[in-house]
Amino acid sequence: MCAGHFQELSASDSVGWLLCGGISIGQLFIDDVMVWGEALLKSYYLEDKVANYPRIIIDKDIVNEIIQNNVLCEYLRKDFDDLYFLNFLNDCHFCGEMLMNGFQIMQEEVGKKIDEKLYQKFSWHMNFVNAELDRKNEKKDRKYRLSML
């Protein structure tokens, strides 16, 4: 829930950032100097090699546990590539305006220097947000529909 809220705020008009990451479970060790362990390595791998789009990938080893939890399963979405990711808009209601403003901030920062990879990330984000707002029936007023400038 915390990761979803952080991703939601990042994509909104507060900063206008797209985030990707990974969520895993396993042993993790922390001391004053280092953080290490299986969970960190899996999460880093998911963020660095698997996410590709602005989404937080859920480790396949824990998806079944999440699906069985009536509260947490609402945060899970299966994407077109059969990967599960965190639905950061699960708790977000009537957030179309702040997400639209955040998307405009992102596009203005990039300006005309948008390459194919960045365009894919923007498109994925735009399609996810629009689909999620449609699913919640919160886009009756089309002015909150995300679109490329």
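The questions below go from the whole chain to single residues.

Author: This is a predicted model, in which local features need pLDDT of at least 70, side-chain atom pairs count only at pLDDT 80 or more, and totals for chains, interfaces and linings use all residues. Residues are numbered from 1 along each chain as its sequence is written, and side-chain values use heavy atoms, with hydrogens and water left out.

Reader: In what order do the elements of the protein run from the N terminus on?

Author: Helices (H or I, at least four residues) and strands (E, at least two) are DSSP runs, numbered from the N terminus. The protein has 5 helices and 6 strands. Their order is α-β-β-β-α-β-α-β-β-α-α.

Reader: What radius of gyration does the protein have, and what would a compact globule have?

Author: The radius is taken over C-alpha atoms, and the globule rule is 2.2 Å times the number of residues to the power 0.38. The C-alpha atoms fill a box of roughly 45 × 35 × 30 Å along the principal axes. For 149 residues a compact globule would be near 15 Å, which agrees with the protein's 16 Å.

Reader: What share of the contacts with a separation of 6 or more joins residues 24 or more positions apart?

Author: Contact means heavy atoms within 4.5 Å. Among contacts with a separation of 6 or more, the share from residues 24 or more positions apart is 60%.

Reader: Is the pair of F85 and F128 stacked or edge-to-face?

Author: Rings of Phe, Tyr and Trp (its six-membered ring) pair if their centres lie within 6.5 Å; planes under 30 degrees apart count as stacked, over 60 as edge-to-face and the rest as tilted. The structure holds 8 aromatic pairs. One of them, F29 with W36, is stacked, at 5.8 Å centre to centre and 25 degrees between the planes. For F85 and F128 the centres are 5.4 Å apart and the planes stand at 75 degrees, so this pair is edge-to-face.

Reader: Are F85 and F128 buried or exposed?

Author: Buried means under 20% relative accessible area, exposed over 50%, and partly exposed in between (1.4 Å probe, protein chains only). F29, at 38%, is partly exposed, and W36, at 36%, is also partly exposed. F85 has 3% and counts as buried; F128, with 8%, is buried.

Reader: What is the phi of N52, and where does N52 lie?

Author: N52 is not a glycine, yet its phi is positive. At 46% relative accessibility N52 counts as partly exposed. Its phi is about 55 degrees, and its place is the loop between α2 (38-50) and β4 (56-58).

Reader: What is the phi of D82?

Author: D82 lies in the loop between β5 (76-78) and β6. At 53% relative accessibility, D82 counts as exposed. D82 is a residue other than glycine with a positive phi, near 65 degrees.
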